[in-house]
Amino acid sequence: MRRTVFIIGVGCVSLIAIGAVVAVAATGGAAFRLWQLEWKKQGETDLRFAEVSLPFTHQADLDNSLPFMAAAAIDVDGDGVDEIFMGGGKGQADAIFGYDGGAFHPLGGYSFEKGDADATHGAVSIDVDNDGRVDLFVARESGVWLHMNIGAGFTSQNLNLPLADNTTPLSIALGDINKDGAVDLYISGYLKNELVTEQNNFAKDYGGYSHLFINRGDNSWRDVSEQAGVWRQHNTFTAMFVDIDNDMDSDLVIAQDTGVVEIYDNTGAFPMRRVDNPSINSYPMGIAAGDYDNDGFVDFYFSNVGHTLPEKLLRGNLDEDAPFNASYMLFQNQRGGEFVDAARKTRTARIGFGWGVVFADMNLDGREDLLAAQNYARFPGKEFLHKYTCKIMLQYPDGKFRPVEKRASAVNRNYAVAPIVSDFNDDGRPDLVWANIAGTAKAFISGVDTGNWLKVRLPDNTASLGAIVTVTTPDGMVRTKQFTASQGLGSDQSAEMIFGLGEATEATVEARFQNGIVKLHDSATAGERIAMSASR
């Protein structure tokens, strides 16, 4: 059969056009394919990946469940090398995989209690009870679960947190709001699937609720959302506790669907202080946190719907004169918790429909790069769409980003929810797993042979949350990372920090912890693995 291909540029694809393609194709005539173009030229790079097997195919019931899945890097056996947790859909078990012999393999003995009609949407790891073993929080349709690592497997408990009746928990952020050494939780909530009526509704009385829970000190939690000033009805995808102003406490950043980015400064007392930011009505989904400009302060990148659909459809029920933005946002920190959107000047604004985003130095040159999960499993007429590649965007010396996933041989055209970055084969180079909903995960092992590296591993526990690690090389270049949880979307990245040194062969390392402890390693060499903790 002859195939006819329609190429439609960014900003021109509409729901009407896609519907017409479906109708024509259903007649048995010519087959059509719509191309979602981004007009992004691939950059030059020496970065190369080798695809390896990760035998996990997510089973999504897209009619009866929200289109999300969990993924998290977690060192379950304490050997210093991460495994990966993958959350299953309805009727599908969650699983953990370890890398060995050129492929990922399911780990026997690690099972998780889960009902047949339950879907797993988000996950984040931390050593909750300080026994040296990393535990796992999981957000499911049935509620928030805590899986305790007992060395030979996990015990499972539904925490039965008092979430709003109309709400499904999507993701879990971890912080220590009151610096008592016990982990606190922010649960991002979305309207239950059976209550979802439209996905472009900006009304204030539409959506689920998100909750802030403070640990009582015994790993039970009380709801302080109203006292903290963060209680409101709104669909929310994800959030992060991050220190926005380097005052060594847990601030809160929230990505609202059909809304805005909300940032709250932890002043040491409730309510938290809301911080102005450049966002306007949009679809903030994933959150990446990293110091992209190497000034010592954390910056944020937020995914958005992009310009695949015309703005009139995306605006939904917004007033005609209401401000609106479909582009991705890069909040550059002005060294004190004030932000400007630098997405346009860095060429990171005009990206296609996206989900989880992550900062990581993929080519070890000392500059943070960006990864963005793409493609929407519920998109009308998706079977006729030529899907996005999912982005690996390297940062170049001019401060601008360019995609390189094609040249680096790491293309993923599945329905990705989040990237997971960790050194799964322990060779010092960041590897990559794409968590794909309604499809098979894609795993890529890095083969980059340029750039020196240094690893810093903090204990994956509450005392490390919010820690700021600074690496300084003899040329005066300073690289800063924060120990955070839940970067991406429903996902968690490695607790191990990989610093790209470029051509430098030595560095000094400083780690500042929220409890006031400062640790210094003044003679680190390239290729070294350094362990630092908040212990006195």
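## Largest pocket

The largest pocket is lined by 22 residues, and Gln199, Asn200, Tyr283, Phe353 and Tyr376 lie nearest its centre. Its volume is about 420 Å³. By class, 18 lining residues are nonpolar, two are polar and two are charged. Here nonpolar covers Ala, Val, Leu, Ile, Met, Phe, Trp, Tyr, Cys and Pro; charged covers Asp, Glu, Lys and Arg; the others, Gly among them, are polar.

A pocket is an open set of points on a 1 Å grid over the protein atoms alone, with protein on both sides within 12 Å along at least five of seven lines; a cavity is a set of points where a 1.4 Å probe fits but cannot get out; lining residues have an atom within 4 Å of a point. Grid points are joined across faces, edges and corners, and a volume is the space filled by probe spheres set on the points.

## Model and conventions

This is a predicted model: local features need pLDDT of at least 70, side-chain atom pairs count only at pLDDT 80 or more, and totals for chains, interfaces and linings use all residues. Residues are numbered from 1 along each chain as its sequence is written, and side-chain values use heavy atoms, with hydrogens and water left out.

## Second largest pocket

The second largest pocket has a volume of about 270 Å³. Its lining has 20 residues, with Gly132, Val134, Leu458, Pro459 and Asp460 nearest the centre. Eight of the lining residues are nonpolar, six are polar and six are charged.

## Cavities

The structure holds nine cavities of 30 Å³ or more. The largest cavity contains about 480 Å³ of space. Its lining has 32 residues; Phe359, Lys481, Gln482, Gln487 and Ser494 lie nearest its centre. The class count is 14 nonpolar, eleven polar and seven charged.

Strand 20 (287–290), strand 24 (354–360), strand 29 (416–422), strand 34 (478–482) and strand 36 (496–502) each supply at least two residues. Strands (E, at least two residues) and helices (H or I, at least four) are DSSP runs, numbered from the N terminus.

## Strand 20

Ile287 and Ala289 point one way from strand 20, while Ala288 and Gly290 point the other way. All four are buried, meaning under 20% relative accessible area; exposed means over 50%, and partly exposed lies in between (1.4 Å probe, protein chains only).

Strand 20 runs antiparallel to strand 21 (residues 299–302), with four bridges joining them. Two strands pair if DSSP finds at least two bridges between them. Alanine 288 stands opposite tyrosine 301 in strand 21.

## Arginine 315

Arginine 315 sits in the loop between helix 3 (311–314) and strand 22 (329–333). Arginine 315 counts as buried because its relative accessibility is 12%. Its side chain reaches the backbone oxygen of glutamate 320 at 3.2 Å.

Which residues does arginine 315 contact, leaving aside neighbours within four places in sequence? They are Asn200, Phe202, Glu320, Asp321, Ala322, Pro323 and Phe324. Contact means heavy atoms within 4.5 Å. One of these residues, Asn200, is also listed among those nearest the centre of the largest pocket.

## Loop backbone features

The peptide bond from phenylalanine 270 to proline 271 is cis, with omega near 0°. Proline 271 lies in the loop between strand 18 (261–265) and strand 19 (273–275).

Asparagine 246 is not a glycine, yet has a positive phi of about 60°. Its loop connects strand 16 (236–242) and strand 17 (251–256). Leucine 364 likewise has a positive phi of about 60° without being a glycine. Its loop runs between strand 24 and strand 25 (369–374). At 1% relative accessibility, leucine 364 counts as buried.

Strand 37 (residues 506–512) and strand 38 (residues 518–525) run antiparallel, joined by six bridges. They form a hairpin with five residues between them. Glycine 516 in the turn has a positive phi of about 95°. Alanine 511 has lysine 519 of strand 38 as its bridge partner.

Alanine 463 lies in the loop between strand 32 (452–457) and strand 33 (468–472). Is alanine 463 buried or partly exposed? At 37% relative accessibility, alanine 463 counts as partly exposed. Its C-alpha atom is separated by 7.2 Å from that of glutamine 514, 51 residues apart along the chain. Not counting residues up to four places away in sequence, alanine 463 touches Phe513 and Ala534.

Technical notes: A polar contact is a pair of N or O atoms within 3.5 Å; within protein, one must be able to donate a hydrogen and the other to accept it, and residues adjacent in sequence count only if both atoms are side-chain atoms.
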